[in-house]
Amino acid sequence: MPIGVPKVPYRIPGDEEATWVDLYNVMYRERTLFLGQEIRCEITNHITGLMVYLSIEDGISDIFLFINSPGGWLISGMAIFDTMQTVTPDIYTICLGIAASMASFILLGGEPAKRIAFPHARIMLHQPASAYYRARTPEFLLEVEELHKVREMITRVYALRTGKPFWVVSEDMERDVFMSADEAKAYGLVDIVGDEMIDKHCDTDPVWFPEMFKDW
């Protein structure tokens, strides 16, 4: 049977004794966020709100965003991406499982040199799609025009942050393109494959993980 969200002991600053709190609440306090579902308004507001709060609390220490998502709403994904570019701390993006569609766009939005994919992660990019194809003809034509503008904007971001020519990204986005972690690195979607970081830091301080992981 489902166990729900695990609870762990955590001592809130100022309290003498630890209390049992949700695991994710502890992780948030350690500046570690999770995008582990389809991208919709609720999770977008949750993640962007936490990013802004953590930036206000500490504008220097890095924030870590773990991604395992099939993608989701276009505008919601762009909201997360824009927030990542706005807050003052650097954002590590770490893909485990899959980052597809808008999730790959968010993965791409991490600080350059701080975008990581675990060795068996899968990354997929494709062109944005409309959810309003049943609209009447005039509205449909307006929707197509808007979608074309958004597609061009997203393509330019991919091209700028991967270093690929615009036309290459545009052609790739005509279909679903699945990549391994190594292929995503070669494409420029991520900078590091996870096992490279483990090998690099196995005998040193793992600066790429939050403070709470350093004793693991």
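Leaving aside neighbours within four places in sequence, which residues is Leu189 in contact with? In this predicted model, the partners of Leu189 are Leu107, Leu108, Arg115, Ile123, Leu125, Tyr158, Thr162, Met179 and Ala184. Leu189 also stands among the residues with the most contacts inside the largest nonpolar core, together with Leu33, Leu65, Ile123 and Tyr158. This core has 47 residues. Residues come to it from both domain 1 (1–12 + 20–125 + 175–194) and domain 2 (127–174), so the core lies between the two. Another core, of six residues, lies apart from it and includes Phe64, Phe66, Ile94 and Ile192.

Turning to charged pairs, the model holds nine salt bridges. One of them joins Asp22 to Lys7, with the closest N and O atoms 2.7 Å apart. Because Asp22 belongs to strand β2 (residues 19–22) and Lys7 to strand β1 (residues 7–10), this pair ties together parts that are 15 residues apart in sequence. Asp22 is partly exposed, at 27% relative accessibility, and Lys7 is partly exposed as well, at 48%.

A salt bridge also links the side chains of Asp62 and Lys114 (3.3 Å, N to O). Asp62 sits in the loop between α2 (41–57) and β4 (63–69), and Lys114 in the loop between α4 (102–108) and β6 (115–117), so the parts tied together here are 52 residues apart in sequence. Lys114 is buried, with a relative accessible area of 16%. Asp62 and Lys114 form a network of salt bridges with Asp90.

Within helix α5 (residues 137–162), Glu152 and Arg156 lie four residues apart, about one turn of the helix. Their salt bridge brings the closest N and O atoms to 3.0 Å.

Technical notes: Residues are numbered from 1 along each chain as its sequence is written. This is a predicted model: local features need pLDDT of at least 70, side-chain atom pairs count only at pLDDT 80 or more; totals for chains, interfaces and linings use all residues. Side-chain values use heavy atoms; hydrogens and water are left out. A nonpolar core is a set of buried Ala, Val, Leu, Ile, Met, Phe, Trp, Tyr and Cys residues joined through side-chain atoms within 4.5 Å. Buried means under 20% relative accessible area, exposed over 50%, partly exposed in between (1.4 Å probe, protein chains only). Domain bounds come from an automatic or database domain assignment. Contact means heavy atoms within 4.5 Å. A salt bridge is a side-chain nitrogen of Lys or Arg within 4 Å of a carboxyl oxygen of Asp or Glu. Helices (H or I, at least four residues) and strands (E, at least two) are DSSP runs, numbered from the N terminus.
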